[in-house]
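Here are some exercises to work through with the model open beside you. Try each task before you read its solution.

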Amino acid sequence: MRTLGPGVWASMGESEQSLSRRATRRHVHAIDHLAGVLISVGGFLVIVAVLGICVYLVAEVVPLFRGADVREGSAASMDAKYPRLVVCDEYKRSAMLVDAQGVVSLVNLGDGRVVSRGTLASEGRRVTAMSRESSSGRVAIGLDDGSVRTGELQIEGETVGKDEVSAAAASIEVGKAGIVPPSGDDVWGAVVERISETQYRVLKPKVDLGEPAELDNGTGAVVSIDLRTRGSDEFLVAMREDGSVSYELVSVTRPLGGGTPKTMLSPVDVKAAYPEGRSKPDWVFVSGDQNQLLLLWRDGLCQRYLSTNVYEKPFEPIETADLLPEGSISTAAMQLGGLTLLLGDESGNVHSAFIAVDPIKGVSDGAHLVVGYRHHFDDAKITSIGVGNRDRTVVVGDAAGKVHVFNPTSHKELASGLAAFEGEVAATLPAPKLDGIVAFSAAGQYRVWSVEMGHPEVSVRSLFGKLWYEGTPEPSYVYQSSAGEDTSEIKYSLVPLVFGTIKATVFAMLFAVPLAVLAAIYTSEFMDKHVRRVVKPTIEMMASLPSVVLGFVAAIVVAPLVRDILPMVLMSFFVVPLGMLVAAYAWQLIPPPATRKIRPGLKLAMMFMIAAGSMALASSAGPAAERAMFRPSERERWVMGGSYEPVVDAERPAWLGNLRSLSPEQQRRLRVENGLFFQDGKVVRAVEPSAEKKAEIDLSLASNESAAPSIRTWLDGGFGGPWPGWMLAMIGPVAMVLSVINSKYVSRAFHEKLLHLQRLTAALAETARFVLLIVATLGVSAGLAALLSSAGLDPRDSFFGSFNQRNTLVVGIIMGFAVIPIIYTISEDALSSVPDMLRSASLGAGATPWQTAVRIVLPVAASGIFSAVMIGFGRAAGETMIVVMATGNTATMKWNVFEGFRTLSATIAVELPEAPVGSAHFRVLFLCGLVLFAMTFVLNTTAEAVRQHFRRRSAAL
Amino acid sequence: MVSPVESNSVPSGRVMIRPMAQDRGSIPARVTMPASGGDGGATPQVRYPIIDAIRRGEAVESRTHESVKLEDHVLQIRQFCLWYGAAQALHSIDMPVARGRVTALIGPSGCGKSTLLRSVNRLNDLIDGVHVKGEMILNGRPVYAHDVDVIDLRKRMGMVFQKPNPFPMSIYENVVYPLRIDGENRRSVLDAACERSLKAAAIWDEVKDRLSQSALGLSGGQQQRLCIARAIVADPEVLLLDEPCSALDPVATLRIEDLIHEISERYTVLIVTHNMQQAARVSDYTAFMYLGRLVEYGSTADIFQRPTLEETEDYVSGRFG
């Protein structure tokens, strides 16, 4: 190797000329320039791509929150007044108006001309009541002689060629509609729309009513009627002038060879008993599940009748509720699905009332009537409520002539205050395709709007707030994107998903962070360099395991294994760290010259052996602890063995209400709170059996699976009090608190005494203190557990609960494994990059390697370790495959460790393939993505701020 | 020693330097290439028989003046050898260190003076593949023995490094760190110790109003004096200074040198320096090392004015190195 002599440096420093000879070549400049351009373009494209994704996400999500887009359509006067019932075709071209007398007018909505008229009455009878179910198009007509008839009332559309339309339609311009007047057999005529030169759409009424059939009981005209269909079943409720209520199962038979269908009524007895001082109700309704009747008075009083089986049992009053504390009802309608009543009142409110299943507050059938939501429009009286036939969007008309559109489920007001008429709105309804609204005034005017509804079922409230869904006991956060029936409410609350994401992340981090960070500290500060060279890449390789592999390992291998060896798994969380600590204390007992001879590789192997030994110990200690702690109590065994007596009703706790069957959780509550048991549908008390009966019970329970000690049965609430669970939960925190107290207040004094002792004696004293600490931990935990149990708290209500095989514990462990490598690697790098001179300074000052690690290296590396943890956090929050496969994906909101959850990412992965593009579901999934992004963004920004704070401290290093 | 080792000794010398990033950058280019079979040509070789013998790997006897031997010795280094893996870095060093005096180690880069210093508090143990032979005795107790607790041993010494290395914590905490790790938490004790050692390190007046501020905000010279304060807070038996001024400007250097003078009244100081003037200014005794061997060791006055070897004379006067 040649060296530059001093002369070279000297000549370069002195001579200007020699420097100028060093010219940069042109192509170097060109490459430099090119590289600069390429890098800027690349960087710019990256920014554009990221922003583009964000913009796209937002653009997909924004329509969810928009109201309806309303455009005025045609409006005119027509020769048909006081509509009681209106039907509109799918294309908003024609409408059928039925007035109070049952006169039907077919109207061309283009210009208001009445095409034809007919009647719903049958010969010699007058129409006195009518009702139409919008989803099926079925009508029920009540007549003045006390008979009813049912049938279909719709406008049907048909596309035909030029040759098939009558001559009257030939002159219609393309895109316009005209009428074909009735002629000959065609009693209704039609509204005809010319779609193109050769194609016409013919809109004809379909009025297909059965023969009237006489109601059996009561006298006078039918004054109120309501009809529901369920599949092919049809059932109606009718009230006659004398206040008698009839419930009829309807069957319609069509005679062979055509003719008017025959209506057959099979009545179900209604044991009507109006509340005191009440005459006949103003409305009657039958529920969509066909076994409840709702009688409604104008002041809001509602009486509910129930027949548990309409084929066998009569209807009996079960509940009377005041749905309207003040004001009075002006109009009422049954919401789609037949389970929610919409009540319009005099002061511009619409109330949605339904039967909430609530075993505690409910009446004898475990349900009660509640008003779930009240929406206030303008102050004018609500005069009409139009229910859609496809979703729960409702059109409301008021006395001031205004029309409003809203969705009672999501509370979303899509459009409000659409001015329709001078006078009151007599009837209104959403167009069948939900692309418009039609409103009619009493004075014979109408108005049509074209409406883009957007996504009525989604609002900020429904996504992030509690909503009181039909039939549920209280407002709640529910995510249920698909329902069994079209008429069901769709529940898009993201809160359970956000909760699931947080739960997954928290448990994964609880498992991963201590392991990864401690492992990083160990490798960087204590491990022999040769061993480290092998260990670090090995752990880093774990990061390359595809998460789907981890996921199915979790689901197929780990989950069943954890289920089978649950006591051992739980026990090893305590035993393994304890084993390590015990080993550390034992190490002190060995004389130092002996320990120094042990090679580092062997030391590591010994640690593995200790870990394995601890696991082995846990595998026998776990089941032993299970047998000792998680077993049925003496009394529970008596009851299981049949030694019990029923309690009198007075002793039955109030919260039980009228429940006939109890969930395991409710049974547990009964046991823990009241000391009572639930057996064969009855509340019972344990009775101490005689000696020989005891032996008999022991014998019979010996082979009884449900009486065997088992932590899983305990978790499910099968037996046992809260104490063992509290004990289990308290050990960790108590151990932590005690060791902090110990090191803060006891340690120093203790160590000063140790200074004067022999090394071995000191080590023995240390060990004794450690054992004492363990005993104290167990004692304090037991005491705390007893305290908490006696306070009536049960861990099975919060972080413990019924056991599912695919649970958070499994996911925590496996997802922990997925994030450990990344946290480990970055933490290790951060620790290794702490300048060696700081370590030297600390060691040179006489610090031990542990003191150096904790007092010097760790604080300096804190920002790096914090970043590592945050990156792990981000990975855990966004992790998909593991949670999809190993959690069960139930969108619950419980902290229960032994239950699954549903995360945002898993929801997107599972549901996006089946969500139609552009649908609310599709957009909600995009919103899930956006929320996830926002969560990680907030997290990372906070993390960065914290990290910068840490870093400033050691910036000058 | 056979001759292949000799040519190896130069790279191994670099290895010696590497762990603590000592010396790097502060050495003139021409002294980094001393041997390489003698083609450097910068130094006439015939004049230095002992240096040549060392370069050839032959054992030489070091000249230790009688004046040193007469002193009371706090540290005895006897036949001390040290290897980094297969490369030997120190060759049979025999060197007593006088109690209550400042002893300077001088010599060209890679001569093992830092290694020797770091052997005293066994910081070299941290480096892979280091093994030693011979013995060191500090105040009658062996440094290298099986039953020595290294942590306790280090507690008996204070060390200051080439680059100021305060911990990223407050000035106060920096100074009392050695006491803290010994479990001393009584505020009064710590306060007193902090003030005492900051005063001894002549930095008290500059920092007394900002003890709770980060030590990293101090200037380089202040940081180094802080490190000295930290090194003496626990009353060490020996204070080891590893080129404490090489990263400082001349003014700060001067202050540190004054400080060394002051603290030498209370402590035994062993200082490594490559600055001959500094050695002459601050030390009572000076040891000249070359390629892992002690060449000449005597009182500073003798070494600088009346050295017995021509090599030493030429080195201290800058004619060789």
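A crossing counts as left-handed if the near helix is turned anticlockwise from the far one by less than a right angle, and as right-handed if clockwise. The model is predicted: local features need pLDDT of at least 70, side-chain atom pairs count only at pLDDT 80 or more, and totals for chains, interfaces and linings use all residues. Residues are numbered from 1 along each chain as its sequence is written, and side-chain values use heavy atoms, with hydrogens and water left out.

**Exercise 1.** Describe how H18(A) and H19(A) pack.

Step 1: the handedness. H18(A) passes H19(A) in a right-handed crossing.

Step 2: the geometry. The two axes (lines fitted to C-alpha atoms over the stretch in contact, with angles from 0 to 180 degrees between N-to-C directions) lie 10 Å apart at an angle of about 145°.

Step 3: the residues in contact (heavy atoms within 4.5 Å). H18(A) brings Leu838(A), Arg839(A), Ser842(A) and Leu843(A), while H19(A) answers with Pro849(A), Thr852(A), Ile856(A), Val857(A) and Val860(A).

**Exercise 2.** Characterise the interface of chain A and chain B.

Step 1: the partners. On chain A 28 residues are in contact with 31 residues of chain B.

Step 2: the salt bridges (a side-chain nitrogen of Lys or Arg within 4 Å of a carboxyl oxygen of Asp or Glu). Between chain A and chain B the count is zero.

Step 3: the helices (DSSP runs of H or I, at least four residues). H6 (529–542), H18 (836–844) and H19 (849–878) of chain A each supply at least two residues of the side touching chain B. The largest share, seven residues, comes from H18(A).

Terms used
Chains are lettered from A and ligands numbered from 1 in the order in which they are written. A polar contact is a pair of N or O atoms within 3.5 Å; within protein, one must be able to donate a hydrogen and the other to accept it, and residues adjacent in sequence count only if both atoms are side-chain atoms.
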